[in-house]
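Work through the exercises below with the sequence and the 3D view open. Try each task before reading its solution.

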Amino acid sequence: MAIKSLSDSSSHAPQRKEANLLSASPAIEETESIEESIRPTTLDDYIGQQDLKNSLKITIQAAIARKEALDHLLLYGPPGLGKTTMSLILAAEMGVNCKITAAPALERPRDIMGLLINLKLGDILFIDEIHRLNRVTEELLYPAMEDYRLDLTTGKGKTAKIQSIALPRFTLIGATTKIGALTSPLRDRFGLIQRLRFYEPEELTLIILRTAKILNTIIDETGAKEIARRSRGTPRIANRLLKRVRDYVQVKQENCITQHLAAEALEQLNVDQKGLDWTDRLVLNTIIKQFKGGPVGLEAVAAATGEDARTIEDVYEPYLLQIGYLNRTPRGRVATEDAYQHLGIAKSTSQLPLF
Ligand code: ADP
């Protein structure tokens, strides 16, 4: 069993901006070795996402029995929920290689050709942010996915010829945070489309306890629960907060992460009881105070907060929607009653200056 990652693709989104504490994007300081040591490697280690695991278990068993590659699989959901991890686990379960890349790294046709040509029978090709593929690359993928064939065009105009190269049967796993941005021809070529959902606090508690063990960090269950509660339903954030709390506890010369110490550390890091950070609160405050609670368009919120619209949409909004602090309506974003309550703002005072 060999699992390979393309080192030059550095696994995740080369174009993402530097992650902050609560960003679900991988942070610069998360060196590959730490990241890899805490990444679950078997389906049993992979906590939560029971529906996904159940359906993938059946797919794996069927593919192994038929001695075939897994069907092409599309995984969607917010960042940090375990899409890459699941792909690596599937490769391990199938005993095949997993090559990891991301759409922004596949700029030229030869980038995807190089990857496809080097695949071996049954291999998994994982493409992160697959909704960002350019048209030429995407069109090269159609025959590759459907007929395991790479169509190369040589020459131009009337002398142009198409040469087809047979590819081994392989599995494409696409990951996306925006399923709606995929073209339908691409989406239709996936045999299996699965959504990853935010994790429950109990699941995140188990993930934190497991990571703490790997990092040789002493934590009690109340400490793990406190971190879980503030992790926005996201394992990557849970692991990151655990590492920050561990630093805090070490500097305080304490030896066990308790609920009290975890809460103290996270308050100091500006992560509130719901896991909202400064930017979440700024977004909500802006909608409430500057736009009377909404509805307001994304671009207007971005301009008023000075945040990038895509970052608000991909990083901040999914969780605010999930916990019911924000609603998306055809006329724009609306802050809910719960958001007012969380920020301690009475509806009548919502037109006061921002700070
Ligand atoms: P995505 O590809 O969705 O952005 P990753 O697969 O890179 O997310 O997961 C981020 C990190 O979170 C992983 O390194 C892993 O340590 C942790 N993680 C994700 N899902 C799980 C899970 N189900 N159980 C335990 N840890 C997880």
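**Exercise 1: a loop residue**

Q49 sits in the loop between α1 and α2 (50–66). Helices (H or I, at least four residues) and strands (E, at least two) are DSSP runs, numbered from the N terminus. The model is predicted: local features need pLDDT of at least 70, side-chain atom pairs count only at pLDDT 80 or more, and totals for chains, interfaces and linings use all residues. Residues are numbered from 1 along each chain as its sequence is written, and side-chain values use heavy atoms, with hydrogens and water left out.

Task: decide whether Q49 is buried or exposed, and list what Q49 touches.

Solution. 
- Step 1. The relative accessible area of Q49 is 3%, so Q49 is buried. Buried means under 20% relative accessible area, exposed over 50%, partly exposed in between (1.4 Å probe, protein chains only).
- Step 2. Leave out residues up to four places away in sequence; Q49 then touches L81, R195, L196, R197, Y199 and E203. Contact means heavy atoms within 4.5 Å.

**Exercise 2: the ligand site**

Task: find which residues are the closest to the ligand, and which polar side-chain atoms reach the ligand.

Solution. 
- Step 1. The ligand is surrounded by 19 residues, and E35, I47, T84, T85 and R236 are the closest. A residue is near a molecule or strand if one of its heavy atoms lies within 4 Å of it.
- Step 2. Look for polar contacts: pairs of N or O atoms within 3.5 Å; within protein, one must be able to donate a hydrogen and the other to accept it, and residues adjacent in sequence count only if both atoms are side-chain atoms.
- Step 3. A side-chain N or O atom of E35 is 2.6 Å from an oxygen atom of the ligand. T84 also places a polar side-chain atom 2.6 Å from a ligand oxygen atom. For Y199, a polar side-chain atom lies 3.1 Å from a nitrogen atom of the ligand.
- Step 4. Alone, the ligand exposes 560 Å², and the protein buries 99% of that. Accessible areas come from the Shrake-Rupley method with a 1.4 Å probe; for residues, only the protein chains shown count as cover.
- Step 5. Two or more shell residues come from each of α1 (32–38), α3 (83–94) and α9 (235–251).

**Exercise 3: the cores**

Task: find which residues have the most contacts inside the largest nonpolar core.

Solution. 
- Step 1. A nonpolar core is a set of buried Ala, Val, Leu, Ile, Met, Phe, Trp, Tyr and Cys residues joined through side-chain atoms within 4.5 Å.
- Step 2. The largest such core has 73 residues, and L90 and I227 have the most contacts inside it. With 7 residues, α9 gives the most to this core.
- Step 3. Beyond neighbours within four places in sequence, L90 is in contact with L56, I60, L70, L73, I124 and I173.
- Step 4. Another core, of 26 residues, lies apart; L106, I112, L119 and F190 are among its residues.

**Exercise 4: a helix residue**

Solution. 
- Step 1. D280 counts as buried because its relative accessibility is 0%.
- Step 2. Not counting residues up to four places away in sequence, D280 touches L22, R232, G275, Y316 and L320.
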